[in-house]
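Biologist: Walk me through this one feature by feature, please. Give me the general idea, then the case at hand.

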Amino acid sequence: MNNRCVIRFTGSGGQGVILTSVIMAEAAVLNGNKTVQSQSYGPEVRGGLCQAYTIISNEEIWFSKPEKADVLLALTQASLNKYYRDTVQTSVIIADSGLSVPGDCPASKLFRLPILETAEKVVGRLMTANVIAAAAINTLLDLFPDEIMRKAVKMHIPAGTEDLDMKAYEEGRRLAEKAKS
Amino acid sequence: MKKNVLMQGNEACVEGALKAGMRFFAGYPITPSTEIAETCAVRLPRERGVFIQMEDEIASIAAVIGASVAGKKAMTATSGPGFSLMQENIGYAALAEIPCVIVNVQRCGPSTGMPTSPSQGDYMQSRWGTHGDHPVIAVSPSTVSEVYTEAVRCFNLSEKYRTPIIFLMDEIVGHMREGVEIPDAETLEIINRPYSDVKGISKTCYHVDEGEWVPRMLPFGEGQRYNITGLLHDESGFPTNDHAAAKKLMERLMSKISSNYEDIVRVEELLMNDAEISVICYGGTARAVKEAIFEARKYGVKAGMFRPITVWPFPEKELYPHLSRLKHIIVAEHNNGQMLLEVQRAAERSVTVSFIGKIDGTLIRPEEILQKINEVQHDKNQ
């Protein structure tokens with residue numbers, strides 16, 4: 001891992017992108033890294049634009065609100081349209097496959113993954129899209145060992161959804177492996 | 001063994017408070033403090049404590065005062081609009097000497113403002129929000145770990161000096177998650193208020209023993225009968241118009257804080273030993289300042305950070321030794337210049353004081369502080 005990695009998670013309120021960022025931060029703590037996680041949203045949470053971010057580093061992190069992201073996850077067109085500019089040439093964008101990336105996007109690496117479709121049709125519940133995204137990001141960037149990620153996911157999902165979320169996790173991993181190859 | 005766990009600032013506030021012995025919370029959830037009420041609602045019943053969601057913030061602080069009078073360590077949490085509503089009863093707790101902790105996770109703007117945006121606009125309100133001369137202690141943390149340890153200290157100060165404590169958080173720290181090293185229980189000092197063993201009717205419930213700063217009262221319901229009032233009172237706890245009694249009470253209320261300044265005040269000094277330019281800041285703002293200071297040092301600029309953790313009383317005695325060496329002070333805060341006034345007062349025109357602030361809900365960024373440092377460095381060299 002680079003010394004400092006900023007991952008921004010964006011989508012529509014209710015999709016669970018804040019939880020995805022919390023899972024990544026949890027994995028960072030379990031892995032012995034330094035991390036800061038936060039989020040911003042308007043007064044209307046559900047349906048509104050939502051962004052969260054996790055900074056992962058091997059050194060202390062002080063200032064906590066980054067402008068440029070090394071990795072951008074976008075689950076809606078509105079969130080992609082708003083945040084694609086806050087990337088740099090080396091940034092990685094992971095967008096839901098239904099979205100189109102504007103031509104003047106600075107980031108050079110783009111992965112289009114059917115995150116929402118997989119959640120709804122393969123796993124069987126749209127709400128698992130955030131776990132699919134967490135697994136996909138981790139696999140694409142090779143951030144944390146798999147067992148640490150699974151543990152982090154299990155620490156933050158509601159009781160009784162373990163089987164479903166582990167299935168989602170596997171699907172996320174699979175999507176990323178396929179995209180990588 | 002210290003445990004390293006991922007925690008949000010608002011959650012750490014509750015965990016620290018529970019560790020200190022908080023067993024009663026009454027509040028009206030408000031962004032950006034809502035997670036404090038939510039976490040209390042989950043955690044308190046498991047600790048045989050009580051959580052009540054009240055109809056508003058006036059009722060919340062009133063319930064907290066009532067619980068404290070009955071002997072519980074009690075807390076409420078709010079943001080600007082609720083903090084304004086609580087002011088009258090904060091004064092009551094200060095005068096009646098009822099320990100309690102009021103958390104204010106500051107949001108941007110006056111009135112209902114911008115609920116999810118950061119600010120430090122309640123710094124002066126935390127000192128002067130309630131009317132009349134009164135003692136105040138306010139504490140402002142800048143990391144999630146510090147939220148935990150300072151929440152414990154807030155309760156300790158509150159119990160020791162029988163006074164309301166303002167835990168002045170901000171949205172930056174309240175909504176942030178980071179790894180927290182939970183201190184071992186045995187390393188944390190937990191202070192409980194002093195009690196008397198007098199039962200029955202007490203005519204001297206507000207009497208203060210020689211060498212002590214606060215009265216020893218039994219909690220309501222434990223057999224001691226006494227009066228509590230928001231009117232100035234004598235040792236019996238009943239109202240008085242006697243000026244000598246009023247003077248005695250008021251002077252003790254003020255001096256129990258001012259005479260114990262060293263015990264109450266806490267600051268962080270970063271690279272201040274040889275600093276010629278000092279950035280003074282507190283709370284979440286310090287996170288940007290730290291980055292700027294480290295960066296400035298890389299260019300050979302002798303910059304340091306002076307960060308009050310106890311923000312009221314203002315830690316002027318800690319600042320004094322630096323004044324003769326400092327060439328410039330920059331105050332950085334997310335408001336229009338509030339602690340700035342305290343710094344200017346303490347510096348007494350011996351050092352030039354400039355200001356960098358934001359009032360639009362955005363954050364002061366490290367590069368903006370660095371630019372300010374470079375500007376004043378340039379002026380210094382002219």
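Modeller: First, the names: helices (H or I, at least four residues) and strands (E, at least two) are DSSP runs, numbered from the N terminus. Residues count from 1 along each chain as its sequence is written, while chains are lettered from A and ligands numbered from 1 in the order in which they are written. This is a predicted model, where local features need pLDDT of at least 70 and side-chain atom pairs count only at pLDDT 80 or more, though totals for chains, interfaces and linings use all residues.

Biologist: Where does Glu97(B) lie?

Modeller: Glu97(B) sits in the loop between α4 (80-96) and β5 (100-106) of chain B. Its phi is positive, about 60°, although Glu97(B) is not a glycine.

Biologist: Is Glu97(B) buried or exposed?

Modeller: Count C-beta atoms, placed from the backbone: 20 or more others within 10 Å of a residue's own make it buried, 12 or fewer exposed, and in between it is partly exposed. Glu97(B) has 23 C-beta neighbours inside 10 Å, so Glu97(B) counts as buried. Arg162(B), also not a glycine, has a positive phi of about 40°. You'll find Arg162(B) in the loop between α6 (144-161) and β7 (164-170) of chain B, and with 25 C-beta neighbours inside 10 Å, Arg162(B) counts as buried.

Biologist: Which peptide bonds are cis?

Modeller: Check omega. Thr31(B) and Pro32(B) are joined by a cis peptide bond, with omega about 0°, and Pro32(B) is in the loop between β2 (22-27) and α2 (34-46) of chain B. Trp312(B) to Pro313(B) is cis as well, with omega near -5°; Pro313(B) is in the loop between β14 (310-312) and α11 (316-323) of chain B.

Biologist: What order do the strands of the open sheet in chain B have?

Modeller: Strands pair if DSSP finds at least two bridges between them. Here 5 strands form an open sheet with mixed pairing, ordered β11-β13-β12-β15-β16 (chain B). At the edges stand β11 (267-270) and β16 (352-357) of chain B, each with a single partner strand, so one side of each has no neighbour in the sheet. β15 (residues 328-333) of chain B and β16(B) run parallel, joined by 6 bridges, and Ile330(B) is opposite Ser354(B) in β16(B).

Biologist: Which strands does helix α12 of chain B touch?

Modeller: Contact needs C-beta atoms, placed from the backbone, within 7 Å. Helix α12 (residues 339-347) of chain B packs on the sheet, touching β12, β15 and β16 of chain B. The buried residues of α12(B) are Met339(B), Leu340(B), Glu342(B), Val343(B), Ala346(B) and Ala347(B). They span an arc (that of the directions from the helix axis to the C-beta atoms) of only 160°, which puts them on the same side of α12(B).

Biologist: How many residues does each chain bring to the contact between A and B?

Modeller: Chain B brings 17 residues and chain A 18 residues. On the side of chain B that touches chain A, β1 (3-8), β8 (177-182) and α10 of chain B each supply at least two residues, with α10(B) giving the most, 4 residues. Strand β2 (residues 34-41) of chain A and β8(B) run antiparallel, joined by 2 bridges. There, Gln37(A) is opposite Arg177(B) in β8(B).

Technical notes. Two residues are in contact if their C-beta atoms, placed from the backbone, lie within 7 Å. Axes are lines fitted to C-alpha atoms, for helices over the stretch in contact, and angles run from 0 to 180 degrees between N-to-C directions.
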